[in-house]
Amino acid sequence: MRLPSRLVLPLLALAAPILAATSWSFEDATLTIQGKGSGVGGGAKEKLSSSTLTSQPFALNGAESLKIVLTTTEGKSGKRPHQAFLTLHEQATGLEESFAFSVKDNGKAKLDLSQKDLPHQFLTSSQPIKASIVLASFGSSTPLNHHTFDLTIGSDSATPPSIPSPPERYTSKPEIHHIFRADPRSPPKVLSLFFTLAVLAALPVLLGAWLYLGGNIDHVGKAFGANPLAHGLFFGSILAMEGVFFLYYTTWNLFQTLPVAAVVGTVAFVSGSRALTEVQERRLAGER
Amino acid sequence: QDIVETIWQNYVDKTPQRVKLLDTFMAFLIVVGVLQFVYCVIGGNFPFNAFLSGFSATVGQFVLTASLRMQTNPENKADFRSISHERAFADFVFGSLILHFFCVNFI
């Protein structure tokens with residue numbers, strides 16, 4: 001339907017008051033503070049108004065629970081707003097906490113609060129806490145933010161307020177002074193000396209035992225007589241090999257050692273085969 | 001007591017002289033090994049690799065001597081027909097040199 005442009009503005013002017021008239025509000029609001037275990041309807045009921053502030057603050061102590069029942073209205077009819085909160089605002093620190101009403105479609109809403117629902121900062125505040133009822137929704141109705149009453153939180157004398165531990169903040173921690181384990185130390189020199197001498201003393205004992213058993217020293221002359229070069233080189237090369245190992249331990253590194261060891265090893269192998277062949281001849285001849 | 005005596009007498013009489021030479025060498029190695037171990041227990045095992053290389057030198061030498069003894073023992077001639085005594089001795093020397101090299105390296 002095409003409205004003539006001349007008529008649109010007057011029509012809107014007529015409609016505006018109707019549209020701007022509705023606002024969210026609440027009615028039949030009662031606040032009850034119930035002590036623990038007192039049952040339904042035990043506490044004192046107080047009426048809350050959507051336009052004025054109650055004269056005295058209410059007290060919520062210890063294990064008491066606070067119950068608010070109201071009916072949210074848009075204009076004149078009870079309706080369910082998109083948001084219905086009781087906002088508690090602490091004036092000293094500016095901390096606010098909101099608690100949502102559970103609202104039915106016809107606008108009836110209720111809320112239960114107790115001290116354990118509140119942030120711990122509320123429990124230790126010195127001033128009364130402002131409680132506001134906040135109603136808002138989609139559409140063009142004016143929302144409501146009405147400071148309805150004040151609340152003082154009293155501490156229960158039996159249970160002291162427990163302040164939770166401060167949250168973990170990631171900053172630099174104090175410096176750690178680590179005490180390192182002491183380096184391992186050698187045993188006392190006397191002990192080492194004693195054992196070294198004991199080991200060295202075992203050597204003459206061994207040689208003595210060999211001699212006692214008749215260590216075939218007399219074969220040396222015959223062996224050298226038959227093939228002196230082979231036996232000499234063989235024995236000498238074994239001693240030279242041990243010498244190479246000693247030099248490797250003291251001064252040389254591996255790359256200096258290996259060529260020398262290879263040379264000495266070859267000498268030992270060749271001369272050894274000759275020498276041992278000679279020994280074998282003597283053994284087979286029954287002289288050993 | 002008597003059994004020990006008999007065994008010892010049997011050993012002294014019956015074993016060939018060269019085998020006894022090897023046996024004394026093995027006893028010497030055992031003594032040195034025990035001394036090293038006792039020293040390690042008393043004095044602590046710092047530096048540990050020194051103890052390991054010394055101890056393993058005695059143990060390795062003992063093993064090589066045992067194999068030489070096995071191969072040159074006349075009683076075992078049937079088992080080691082292809083290996084002459086000289087060959088066994090050459091293997092013994094070769095093995096000992098390699099053992100010494102590794103122990104010197106590790107110490």
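**Strand pairing and helical spans in chains A and B**

In chain A, A:Leu60 has A:Ile153 of strand 11 as its bridge partner. The model is predicted: local features need pLDDT of at least 70, side-chain atom pairs count only at pLDDT 80 or more, and totals for chains, interfaces and linings use all residues. Residues are numbered from 1 along each chain as its sequence is written, chains are lettered from A and ligands numbered from 1 in the order in which they are written, and side-chain values use heavy atoms, with hydrogens and water left out.

Helices (H or I, at least four residues) and strands (E, at least two) are DSSP runs, numbered from the N terminus. Two strands pair if DSSP finds at least two bridges between them. Strand 3 of chain A (residues 58–61) pairs with strand 11 of chain A in the parallel sense, over four bridges. Strand 10 of chain A (residues 129–136) pairs with strand 11 of chain A in the antiparallel sense, over seven bridges. Here A:Ser132 is partnered by A:His147 of strand 11. A:Val134 is partnered by A:Asn145, also in strand 11. Strands of a sheet pair through backbone hydrogen bonds, either parallel or antiparallel.

These pairings belong to an open sheet of five strands in chain A, with the order 3-11-10-6-7 and mixed pairing. Strand 3 and strand 7 (96–100) of chain A stand at the edges; each has a single partner strand, so one side of each lacks a neighbour in the sheet. Neighbouring strands of this sheet are turned by 30° against each other on average, direction ignored (axes are lines fitted to C-alpha atoms, for helices over the stretch in contact, and angles run from 0 to 180 degrees between N-to-C directions). Strand 11 of chain A spans residues 144–154 and is mostly covered, with eight of its eleven residues buried. Buried means under 20% relative accessible area, exposed over 50%, and partly exposed in between (1.4 Å probe, protein chains only).

A:Lys108 lies in strand 9 of chain A (residues 108–114). Its relative accessible area is 47%, so A:Lys108 is partly exposed. A:Lys108 and A:Val69 are 39 residues apart in sequence, yet 7.5 Å apart in space, C-alpha to C-alpha. Beyond neighbours within four places in sequence, A:Lys108 is in contact with A:Leu70, A:Thr71, A:Ser102 and A:Val103 (heavy atoms within 4.5 Å).

An unreviewed UniProt entry annotates "transmembrane region" at residues 190–213, 225–248 and 254–273 of chain A. Such annotations may be inferred rather than shown by experiment; positions follow the numbering used here, and feature names are shortened. Residues 190–213 of chain A are 96% helix and 0% strand, with end C-alpha atoms 35 Å apart. Residues 254–273 of chain A are 100% helix and 0% strand, with end C-alpha atoms 27 Å apart. For chain B, the UniProt annotation, also from an unreviewed entry, covers residues 21–44 and 88–106. Residues 21–44 of chain B are 96% helix and 0% strand, and their end C-alpha atoms are 34 Å apart. Residues 88–106 of chain B are 100% helix and 0% strand, with a separation of 27 Å between end C-alpha atoms.

Rings of Phe, Tyr and Trp (its six-membered ring) pair if their centres lie within 6.5 Å; planes under 30 degrees apart count as stacked, over 60 as edge-to-face and the rest as tilted. The count is 14 aromatic pairs over all chains. The rings of B:Phe25 and B:Phe28 are stacked, because their centres are 6.2 Å apart and their planes stand at 25°. Both residues lie in helix 2 of chain B (residues 17–43), three residues apart, about one turn of the helix. B:Phe25 is buried at 16% relative accessibility, and B:Phe28 is buried at 14%. A:Phe245, A:Tyr248, B:Phe101 and B:Phe102 form one aromatic cluster.
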